[in-house]
Amino acid sequence: MGLLDGKIALIFGVANDHSIAWGIAKAMHAEGATLAFSYAGPALERRVRPLAESVGASFIEPCDLSDDDQITALFEKYRQAYDRLDILVHAVAFAKREELSGPYYLTSREGFRVAMDVSVYSFTALAREAAPLMKNGGALLTLTYYGSEKVVPHYNVMGVAKAALEASVRYLAYDLGPKGIRVNAISAGPIRTLAATGIPGFRSLYSLFREIVPLRRNVTIDDVGALAAWLCSDRAAAITGEVIFVDAGYHILGVTERLVEEP
Ligand code: NAD
């Protein structure tokens with residue numbers, strides 16, 4: 001018996017086998033879910049299709065989440081394939097590269113708009129389409145990072161976007177709770193993915209992390225996948241509106257040990 005036997009999950013955000021969305025897909029597949037995938041655009045098909053097929057998916061469709069018409073068309077196709085949806089995973093974020101270096105106060109209006117649109121609004125747009133399909137209740141899940149709460153150098157507009165995303169989680173949880181739909185976020189520690197390696201300084205952040213966190217290890221996509229599968233299962237039936245950390249304990253630190261070591 002798997003935790004997700006009989007459930008259908010639609011997963012957004014697989015770019016390759018390093019993606020957090022892929023870690024989530026593997027865990028959900030292992031727990032018995034039927035999986036469907038959507039990826040950003042045709043250029044990614046070569047990588048995403050073989051991965052999706054390896055976990056038995058037949059619904060594998062492109063969708064640029066900054067385009068409402070593409071979102072509408074995607075769900076039209078989904079409804080032709082399946083008559084209901086139980087789980088939706090949103091593991092998607094984007095900011096222009098130039099907004100992730102230099103100080104935050106130089107963020108351009110357009111850079112701010114793009115980060116908010118793709119990384120925040122898209123989750124709400126997906127919730128609106130998914131909710132009517134969640135006839136027996138359901139679970140919506142997104143991915144966030146601690147840069148929403150505290151300043152992380154270079155994370156800049158993405159930190160502001162993640163704060164808005166976490167607020168969206170709470171408003172969506174409030175709206176959709178009466179329909180039995182739960183909405184949560186996982187706040188992951190740094191993981192080497194395509195999106196993360198675009199952030200200046202990520203490499204040193206990643207290696208320093210394992211030296212200072214309580215568990216003295218980095219976080220993997222499988223760590224995130226394991227929580228995601230549980231959080232979207234009926235075992236977590238009373239949990240909604242939460243941001244749950246999978247960060248080896250980083251967020252409990254006030255100062256790192258290095259700062260209090262005697263010379
Ligand atoms: P990733 O690059 O593998 O995934 C990001 C995905 O977003 C890609 O599949 C990309 O195609 C998709 N995307 C970007 N713009 C899109 C658009 N317009 N339409 C549709 N899809 C689009 O990187 P990841 O680290 O797995 O990122 C997944 C999520 O996890 C993101 O929200 C990210 O902020 C979050 N996160 C990552 C880390 C980390 O250290 N890697 C830590 C905490 C949170």
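Biologist: Where is the place of L205?
Modeller: L205 sits in helix 7, residues 202-212. Helices here are DSSP runs of H or I with at least four residues, strands are E runs of at least two, and numbering starts at the N terminus. Residue numbers start from 1 along each chain as its sequence is written. Keep in mind that this is a predicted model: local features need pLDDT of at least 70, side-chain atom pairs count only at pLDDT 80 or more, and totals for chains, interfaces and linings use all residues.

Biologist: Got it. Why is L205 classed as partly exposed?
Modeller: Because 17 other C-beta atoms lie within 10 Å of L205, which counts as partly exposed. The scale is 20 or more other C-beta atoms within 10 Å for buried, 12 or fewer for exposed, and partly exposed in between, with C-beta atoms placed from the backbone.

Biologist: How far apart are L205 and V152 in space?
Modeller: Their C-alpha atoms are 9.7 Å apart, and in sequence L205 and V152 are 53 residues apart.

Biologist: New topic, the ligand. Which residues come nearest?
Modeller: A15, S19, A40, T193 and A195, out of 26 residues around the ligand. Being near means a C-beta atom, placed from the backbone, within 6 Å of a molecule or strand.

Biologist: Which elements give two or more residues to that shell?
Modeller: Helix 1, strand 5 (138-144) and helix 6 (194-197). Helix 6 has the largest share, with 3 residues.

Biologist: How does the shell divide into nonpolar, polar and charged?
Modeller: The shell has 20 nonpolar residues, 5 polar and 1 charged. Nonpolar covers Ala, Val, Leu, Ile, Met, Phe, Trp, Tyr, Cys and Pro; charged covers Asp, Glu, Lys and Arg; the others, Gly among them, are polar.

Biologist: You mentioned helix 1. At what angle do helix 1 and helix 8 pack?
Modeller: About 50°, with the axes of helix 1 (residues 20-30) and helix 8 (residues 221-231) 7 Å apart. Axes are lines fitted to C-alpha atoms, for helices over the stretch in contact, and angles run from 0 to 180 degrees between N-to-C directions. Helix 1 and helix 8 are therefore oblique to each other. The cut-offs are under 35 degrees for roughly parallel, over 145 for roughly antiparallel, 65 to 115 for roughly perpendicular, and oblique for the rest.

Biologist: Which residues meet there?
Modeller: On the helix 1 side, I20, W22, G23, I24, K26, A27 and M28; on the helix 8 side, I221, D222, V224, G225, A226, A228 and A229. Contact means C-beta atoms, placed from the backbone, within 7 Å. By class, this contact of helix 1 with helix 8 has 10 nonpolar, 2 polar and 2 charged residues.

Biologist: Which residues of helix 8 are buried?
Modeller: I221, D223, V224, G225, A228, A229 and L231. These buried residues pack against helix 1, strand 4 (87-90), strand 5, strand 6 (181-188) and strand 7 (243-246).

Biologist: And A33, where is its place?
Modeller: A33 is in the loop between helix 1 and strand 2 (34-39). A33 counts as buried, with 26 C-beta neighbours inside 10 Å. From the C-alpha of A33 to that of A229 is 9.2 Å, although the two are 196 residues apart along the chain. Leaving out residues up to four places away in sequence, A33 touches L4, K7, I8, A9, M28 and I87.

Biologist: Back to helix pairs. At what angle do helix 4 and helix 5 cross?
Modeller: Roughly 20°, and the axes of helix 4 (residues 109-130) and helix 5 (residues 156-176) come within 9 Å. That makes helix 4 roughly parallel to helix 5. By class, their contact holds 13 nonpolar, 4 polar and no charged residues.

Biologist: Which residues of helix 3 meet helix 4?
Modeller: D68, I71 and F75 in helix 3, facing A125, L126 and E129 in helix 4. That contact has 4 nonpolar, no polar and 2 charged residues.

Biologist: Last one. What is the phi of R216?
Modeller: Positive, about 50°, and R216 is not a glycine. Most residues other than glycine have a negative phi. R216 lies in the loop between helix 7 and helix 8. R216 is exposed, with 11 other C-beta atoms within 10 Å. A248 also has a positive phi, near 55°. A248 is in the loop between strand 7 and helix 9 (257-260).

Definitions and conventions: Contact = placed C-beta atoms within 7 Å.
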